[in-house]
Amino acid sequence: MTLKELYEALDMETPADLGYFEQLADLMEMEEFIEENAFADVLSAVEPETAGDFAENFIKELTDSLPESGGEDVAEALSTMQQRLMLLAEDLDKAQARADYTVELYKLRNWLHKSAGTLMDGKPCTMLEAFTELRAGKMGLSNHELSLSMFPELMPEEMAYGLGDFEKIEL
């Protein structure tokens with residue numbers, strides 16, 4: 001998908017037009033492959049409050065769709081990712097925090113689209129397909145059997161957060 005096609009799909013002309021939950025959710029859930037640099041371009045002007053609210057609410061929506069038993073590991077992975085994204089969103093005015101937020105959100109997008117992330121009716125499906133079915137199941141609209149016993153790894157091996165600027169004080 002080209003950057004122009006991505007902007008059209010998200011009903012945007014410039015990165016400054018990205019401001020709605022629905023646009024960000026569409027960005028995360030689009031089936032088409034999105035290059036990381038195009039993904040970063042779209043997010044290059046997102047406001048910190050919008051980015052934080054999106055991370056909190058999008059992941060909460062995913063977590064809320066999980067079954068009461070059997071989804072604990074997925075819920076823990078999502079909770080950790082949610083906290084990480086919300087922390088990074090607080091400092092989006094700093095270039096490194098914005099870059100880190102974009103990388104982590106792109107990682108979450110890839111995780112959702114990873115093939116064979118879980119099983120639906122005994123066949124491999126993506127995590128996004130599983131979450132879609134789980135949401136439908138909560139509304140009584142699905143009769144598929146899902147297994148979340150295997151899912152792709154979401155956690156990075158290492159994550160560093162800036163602690164901000166320190167000011168020397170006299171004791």
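Which residue forms a salt bridge with Asp-64? Lys-60 does, with the closest N and O atoms 2.7 Å apart. Before going further, a word on what you're looking at: this is a predicted model, where local features need pLDDT of at least 70 and side-chain atom pairs count only at pLDDT 80 or more, while totals for chains, interfaces and linings use all residues. Residues are numbered from 1 along each chain as its sequence is written, and side-chain values use heavy atoms, with hydrogens and water left out.

Let's get the overall layout first. The protein chain has 7 helices and 3 strands; these are DSSP runs numbered from the N terminus, with helices being H or I of at least four residues and strands being E of at least two. Walk along the sequence and the pattern reads α-α-α-α-α-α-β-β-α-β. Of the 171 residues, 38% are buried, where buried means under 20% relative accessible area, exposed means over 50%, and partly exposed is in between (1.4 Å probe, protein chains only). The accessible surface comes to about 10300 Å², and carbon and sulfur atoms own 49% of that; areas come from the Shrake-Rupley method with a 1.4 Å probe, and for residues only the protein chains shown count as cover. As for contacts (heavy atoms within 4.5 Å), take those with a separation of 6 or more: 67% of them join residues 24 or more positions apart.

Now back to the charges. A salt bridge here is a side-chain nitrogen of Lys or Arg within 4 Å of a carboxyl oxygen of Asp or Glu, and by that rule the count comes to 5. Side chains of opposite charge can pair when their charged atoms come close. In the opening pair, Asp-64 and Lys-60 are 4 residues apart in helix H4 (residues 48–64), so about one helical turn separates them. An α-helix has 3.6 residues a turn, so residues three or four places apart point the same way. Both partners are partly exposed, Asp-64 at 45% relative accessibility and Lys-60 at 43%.

Lys-107 is partly exposed, with a relative accessible area of 26%. Elsewhere, Glu-29, Glu-61 and Arg-135 are linked in a network of salt bridges.

Some charges gather in a patch instead. Glu-5, Glu-8, Glu-31, Glu-32 and Glu-129 form a negative surface patch. Patches are made of residues with over 30% relative accessible area and no salt bridge, with like charges joined within 9 Å and nonpolar side chains (Val, Leu, Ile, Met, Phe, Trp, Tyr) within 5 Å. For the bookkeeping, Lys and Arg count as positive and Asp and Glu as negative, while His and the chain ends are not counted; the place of a charge is taken as NZ of Lys, CZ of Arg, CG of Asp or CD of Glu. Glu-32 is partly exposed at 42% and lies in the loop between H2 and H3.

Phe-33 is in the loop between helix H2 (21–29) and helix H3 (36–42). What does Phe-33 touch, leaving aside its neighbours within four places in sequence? Met-1, Tyr-106 and Arg-109. Thr-2 is 31 residues away from Phe-33 in sequence, yet their C-alpha atoms are 9.7 Å apart.

Finally, a pair of backbone details. Asp-11 has a phi near 55°, a positive value in a residue other than glycine. Asp-11 is found in the loop between helix H1 (3–9) and H2 and is exposed at 69% relative accessibility. Asp-121 likewise has a positive phi, near 55°. Asp-121 sits in the loop between strand S1 (118–120) and strand S2 (123–125), and at 42% relative accessibility it counts as partly exposed.
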